[in-house]
Amino acid sequence: MRREAARLLFALSLNELNKLDVAGVDMGGSSSGGGGGGANPATAEVANDLVALARSDDPSCACNAVGALANLSENDATHERLLGWGASFLSELALENAPTPDEGGGGGAANKEDANGGSPGEMVEGGDGQPATEGMRSMEVGLVREVTRCLANLAGNYATHEKLLDGGAADALVGSLKREDAVTARFAALGLANLAGQVGGIVSTLHFGYKLFVPGTSVGGQSFKPCSYSWALTPWLFCRGASNCRLFASP
Amino acid sequence: MDPTKQKTHKRIPQVLAALCNLSLSGCIGQDPARFLKAVDVGNLVSFLCSADVTYRLFGAVTLGNIASDVSLQAPIVRGGALTPLITIANAADLETQRCIAYSLCNLSANPARRGAIISEGGLPSLISLACSDHPVDQRAALATLRAIAADPDHRRAVVEAGALEAFSLGARYASHGVGVSACPSPPPPPLPPKT
């Protein structure tokens with residue numbers, strides 16, 4: 001039942017107007033519930049239920065719920081509400097699934113998603129003899145991907161940087177950067193780039209990711225050439241799409 | 001047998017009851033074309049639109065069960081059952097509403113038909129089913145709404161119909177399974193001392 005509910009909300013959250021409704025943002029752009037004043041009871045309930053599903057022990061449930069949050073985060077009007085719900089748990093989710101040094105980057109299997117907003121949390125089932133563990137690994141990859149996508153989108157808003165960094169987003173993004181899944185790593189790179197795009201955030205970002213960004217610093221014996229920050233200073237880079245990594249700069 | 005040709009109205013409820021039982025027992029599936037030919041969707045729709053609550057319920061149950069067979073859905077829609085189903089759902093008793101909602105769930109299995117169901121106003125029935133107290137009904141309706149929401153053109157309409165409430169109810173569902181555990185066998189009694 002909860003899986004169906006999570007899948008439903010993931011699909012509904014792909015619509016731009018629905019994003020505002022789910023997040024409790026009125027059409028004027030101000031938040032009308034949850035983290036701010038004048039709470040709307042209906043949308044506050046949806047928020048609580050969505051966060052509860054995202055924290056679920058069921059991987060499919062959590063994956064779809066986090067995917068829905070990531071969809072909401074594509075619209076910056078929802079960011080204040082998302083962070084009001086306690087988005088620091090997203091960082092915790094990413095860090096919980098971070099690979100150990102022995103495991104490397106974790107599973108690399110891409111999730112199967114259809115063109116019409118197929119949910120990221122579909123189990124890869126074994127009609128062809130595929131073992132159940134492959135499905136679970138794919139689910140973990142999907143979950144971390146969606147968490148990273150959400151954090152990267154939230155990082156595209158300068159107003160959220162302080163809360164994100166306080167919630168451990170930089171640590172989580174650096175962890176995601178090390179994943180074998182190329183899409184997750186790309187989302188993480190974008191998120192870190194967004195964080196570094198604000199002057200005040202560079203120091204914090206460098207504190208966590210100095211081995212990656214400071215020119216000349218060796219990582220694993222390799223030296224990095226000085227990187228150009230021109231691309232990193234472009235704000236409002238959003239990670240869109242559940243199945244591919246299309247980037248859109250807001251107008 | 002055409003129920004509308006019965007000379008006495010007293011037989012009509014019995015005929016309808018027989019139709020319902022046939023549909024429930026799966027007899028329709030054995031020879032669906034013959035069943036539809038004998039019954040005629042138009043007659044079922046006329047009973048669905050009847051002022052009599054019993055007739056309406058029987059009509060809804062039979063149409064719903066016929067619609068559970070994907071191969072029989074086209075004749076139902078061609079017979080003009082869709083609009084009456086949705087219209088009656090707004091003014092019927094709870095059980096009839098439930099049967100009609102299940103009919104819409106079955107008819108929504110065809111993606112080409114979902115737009116018509118939405119434009120005719122079928123979403124409130126599905127939302128009501130998704131907000132019911134029965135977990136099986138809830139899950140069936142949530143799955144149907146999810147299938148409808150797969151089409152980008154329908155997502156906004158689904159939310160405007162009240163799907164967020166259905167989502168919340170489904171998200172909070174807690175299954176209360178009954179655990180069964182075997183009592184451990186008692187230890188064997190001590191052997192009596194040998195005399």
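Colleague: Is Cys99(B) buried or exposed?

Modeller: This is a predicted model, and every value discussed here is computed from it. Burial is read from relative accessible area, and a residue counts as buried under 20%. Cys99(B) has a relative accessible area of 10%, and therefore it is buried.

Colleague: What is the relative accessibility of Cys61(A), and how does that residue count?

Modeller: Cys61(A) has 2% relative accessibility, so this residue too counts as buried.

Colleague: How many disulfides does a search of the whole structure find?

Modeller: The search covers all chains and finds zero disulfides. For Cys61(A), the nearest cysteine sulfur belongs to Cys63(A) and is 10 Å away. A disulfide requires the two sulfur atoms to be within 2.5 Å, so Cys61(A) is in none.

Colleague: Where does Cys49(B) lie?

Modeller: Cys49(B) is placed in the loop between H4 and H5 of chain B. Its relative accessible area is 43%, so it is partly exposed. Setting aside neighbours within four places in sequence, Cys49(B) is in contact with Pro84(B) and Ile88(B). The C-alpha atoms of Cys49(B) and Asp93(B) are separated by 13 Å, with the two residues 44 residues apart along the chain.

Colleague: At what angle do the helices H4(B) and H5(B) pack?

Modeller: Two packed helices are described by the angle between their axes and by the distance between those axes. Helix H4 of chain B (residues 41–48) and helix H5 of chain B (residues 53–67) pack at about 140°, and their axes are 7 Å apart. Because of that angle, H4(B) is oblique to H5(B). The crossing in which H4(B) passes H5(B) is left-handed.

Colleague: Which residues of H4(B) meet H5(B)?

Modeller: From H4(B), the residues are Val41(B), Leu44(B), Phe47(B) and Leu48(B). They meet Tyr55(B), Arg56(B), Gly59(B), Ala60(B), Thr62(B), Leu63(B) and Ile66(B) of H5(B). By class, the residues of the contact of H4(B) with H5(B) are eight nonpolar, two polar and one charged.

Colleague: How many helices and strands does chain B have?

Modeller: Chain B has 13 helices and zero strands. Of its 195 residues, 43% count as buried. Contacts can also be sorted by separation in sequence: among those in chain B between residues at least 6 apart, 65% join residues at least 24 apart.

Colleague: Turning to chain A, how many of the residues of helix H1 are buried?

Modeller: Helix H1 of chain A (residues 2–12) has eleven residues, of which nine are buried, and the helix is thus mostly covered. Among the buried residues of H1(A) are Glu4(A), Arg7(A), Leu8(A) and Phe10(A).

Colleague: At what angle do H6(A) and H9(A) pack?

Modeller: Helix H6 (residues 88–96) of chain A packs with H9(A) at an angle of about 30°, the axes being 9 Å apart. An angle under 35 degrees counts as roughly parallel, which means that H6(A) is roughly parallel to H9(A). Ser91(A), Ala94(A) and Leu95(A) of H6(A) make the contact with Ala169(A), Asp171(A), Ala172(A) and Ser176(A) of H9(A). This contact of H6(A) with H9(A) has four nonpolar, two polar and one charged residues.

Colleague: How far apart are the axes of H9(A) and H10(A)?

Modeller: The axes of helix H9 (residues 169–177) and helix H10 (residues 182–196) of chain A are 7 Å apart, and the packing angle is about 145°. Residues in the contact include Leu173(A) and Leu177(A) of H9(A), together with Ala188(A) and Leu192(A) of H10(A). The contact of H9(A) with H10(A) has nine nonpolar, three polar and no charged residues. The crossing of H9(A) and H10(A) is left-handed.

Colleague: Finally, which residues is Glu45(A) in contact with, leaving aside its neighbours within four places in sequence?

Modeller: With those neighbours left aside, Glu45(A) is in contact with Ser168(B) and Arg172(B). Glu45(A) is in helix H3 (residues 41–54) of chain A. At 39% relative accessibility, Glu45(A) counts as partly exposed.

Methods: Residues are numbered from 1 along each chain as its sequence is written. Chains are lettered from A and ligands numbered from 1 in the order in which they are written. This is a predicted model: local features need pLDDT of at least 70, side-chain atom pairs count only at pLDDT 80 or more; totals for chains, interfaces and linings use all residues. Side-chain values use heavy atoms; hydrogens and water are left out. Buried means under 20% relative accessible area, exposed over 50%, partly exposed in between (1.4 Å probe, protein chains only). Helices (H or I, at least four residues) and strands (E, at least two) are DSSP runs, numbered from the N terminus. Axes are lines fitted to C-alpha atoms, for helices over the stretch in contact, and angles run from 0 to 180 degrees between N-to-C directions. Angles under 35 degrees count as roughly parallel, over 145 as roughly antiparallel, 65 to 115 as roughly perpendicular and the rest as oblique. A crossing is left-handed if the near helix is turned anticlockwise from the far one by less than a right angle, and right-handed if clockwise. Contact means heavy atoms within 4.5 Å. Ala, Val, Leu, Ile, Met, Phe, Trp, Tyr, Cys and Pro count as nonpolar, Asp, Glu, Lys and Arg as charged, and the others, Gly among them, as polar.
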